[in-house]
Amino acid sequence: MPELTNINYIKTLMNQYHFQTSKSLGQNFLINPSVCPKIAEFGHAETGFGILEIGTGIGVLTKELAKRADKVVALELDEKLFPILKETLSEFLNVKIIHADALTYDLHQLIQEEFQGLQVAVCANLPYYITSPLIMKLLEEKLPLKTITVMVQKEAGQRLCAPVGSRESGAVTVSVAYYGKAVKLFDVSRGSFFPAPNVDSSVIQIECYAEIPWRVQNEKLFFQIIKTGFSQRRKQLAGVLAGNFSIPKSDIQEIFQKAEISPSVRIEALTMPQLVELSNSFHQYLFL
Ligand code: SAH
């Protein structure tokens, strides 16, 4: 069988199975042969691991994962890819492909049923239209994941991996930093895909905390503060929060003072420990 990064072979397969790529499903298949082995190796595709993949395409990454890991379970939304996958992955007995939308699938149950006795990691060349909601789903559901290694649009990667407390940070930066440590692994040019998208990409990795190290008293409130604060990131945080939570000015001053944070600060300047302190100070004011 020719390599799945061979563009002529991809076109032959597509003709044979009357398959056309869909823009709305984010279908850009990897054709640069050096990328998938690298994702697999960085992403813990190795003995003792079960890998969850999101979006198989014609199976180019799936194959590299299956060569190395004990087991691969992949979710793919496009039913039209299944006859192709049956051919391209026929030699692998440790791969299971499920026809499902990754955004709504019960991943706790999947992990429990499919990966007994294995450590679990996520590897994917993501469909970019679901990047943020999917990463947030993986993190918020507190799945027992060691790492999440994903291809994302370059700008999304910069935001995901920005230091908390920097101008490049956003609500998603803080949310990811709450659950783990995100780093960029390497860039991938648009020419590495078929069809070529009109953006460049990066592969990033989130190393998930086995136990969340931040002592947040009220997670819901913490994320509400982050969301509200970043929705008006250029304004002074105290004013933004006073308005949103309907808290009198003098009380807001006190809440900030207790957290040892200046009320005139912008949210993008605060570090993770400061955001934790602030949210706990809010919690004490609102609920205790
Ligand atoms: N991993 C392959 C394909 C990447 S393209 C490669 O690198 O070549 C993204 C894939 O995600 C496509 O196959 C697309 O059909 C699939 N996809 C899109 N939305 C999805 C969703 N909500 N759930 C699962 N898969 C999805």
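This is a predicted model: local features need pLDDT of at least 70, side-chain atom pairs count only at pLDDT 80 or more; totals for chains, interfaces and linings use all residues.
Q: How close do the axes of helix 10 and helix 12 come, and at what angle do they cross?
A: Two packed helices are described by the angle between their axes and the distance between the axes. For helix 10 (residues 237–245) and helix 12 (residues 272–287), the axes come within 14 Å and cross at roughly 35°, where an axis is a line fitted to C-alpha atoms over the stretch in contact and the angle runs from 0 to 180 degrees between N-to-C directions. Helices here are DSSP runs of H or I with at least four residues, and strands are runs of E with at least two, numbered from the N terminus.

Q: Which residues make the contact of helix 10 with helix 12, and into what classes do they divide?
A: With contact taken as heavy atoms within 4.5 Å, Leu237, Leu241 and Phe245 of helix 10 meet Leu278, Phe282 and Leu286 of helix 12. The residues of this contact divide into six nonpolar, no polar and no charged, given that Ala, Val, Leu, Ile, Met, Phe, Trp, Tyr, Cys and Pro count as nonpolar, Asp, Glu, Lys and Arg as charged, and the others, Gly among them, as polar.

Q: Why is helix 8 described as largely enclosed?
A: A residue is buried under 20% relative accessible area, exposed over 50% and partly exposed in between, with a 1.4 Å probe and protein chains only. Eight of the nine residues of helix 8 (residues 171–179) are buried, so this helix is largely enclosed by the rest of the structure. The buried residues of helix 8 include Val172, Val174 and Tyr178, and they pack against helix 6, helix 7 (154–161), strand 7 (180–188), strand 9, helix 9 and helix 12. In the protein as a whole, buried residues make up 52% of the 288 residues.

Q: Why does Lys142 count as partly exposed and Glu260 as exposed?
A: Lys142 has 43% relative accessibility and therefore counts as partly exposed, whereas Glu260, at 71%, counts as exposed. Lys142 sits in the loop between helix 6 (131–140) and strand 6 (147–153), and Glu260 in the loop between helix 11 (249–258) and helix 12.

Q: What makes the backbone of Lys142, Glu260 and Pro195 worth a remark?
A: Most residues other than glycine have a negative phi, and most peptide bonds are trans. Lys142 is not a glycine, yet its phi is positive at about 50°, and Glu260 has a positive phi near 55°. The peptide bond from Phe194 to Pro195 is cis, with omega near -10°, and Pro195 belongs to the loop between strand 8 (193–194) and strand 9 (201–208).

Q: What makes a space a cavity or a pocket, and how many cavities of 30 Å³ or more does the structure hold?
A: On a 1 Å grid over the protein atoms alone, a cavity is a set of points where a 1.4 Å probe fits but cannot get out, a pocket is an open set with protein on both sides within 12 Å along at least five of seven lines, and lining residues have an atom within 4 Å of a point. The structure holds two cavities of 30 Å³ or more. The largest cavity has a volume of about 330 Å³, a volume being the space filled by probe spheres set on grid points that are joined across faces, edges and corners. Of the 27 residues lining the largest cavity, Ile54, Gly55, Thr56, Glu76 and Pro127 are the closest to its centre, and by class the lining has 16 nonpolar, eight polar and three charged residues.

Q: What lines the second largest cavity and the largest pocket?
A: The second largest cavity, of about 50 Å³, has a lining that includes Gly26, Asn28, Pro127, Tyr128 and Pro197. The largest pocket has a volume of about 290 Å³, and among the residues that line it are Gly26, Asn28, Tyr128, Pro195 and Pro197. The lining of this pocket divides into five nonpolar, six polar and one charged.

Note on methods:
Residues are numbered from 1 along each chain as its sequence is written. Side-chain values use heavy atoms; hydrogens and water are left out.
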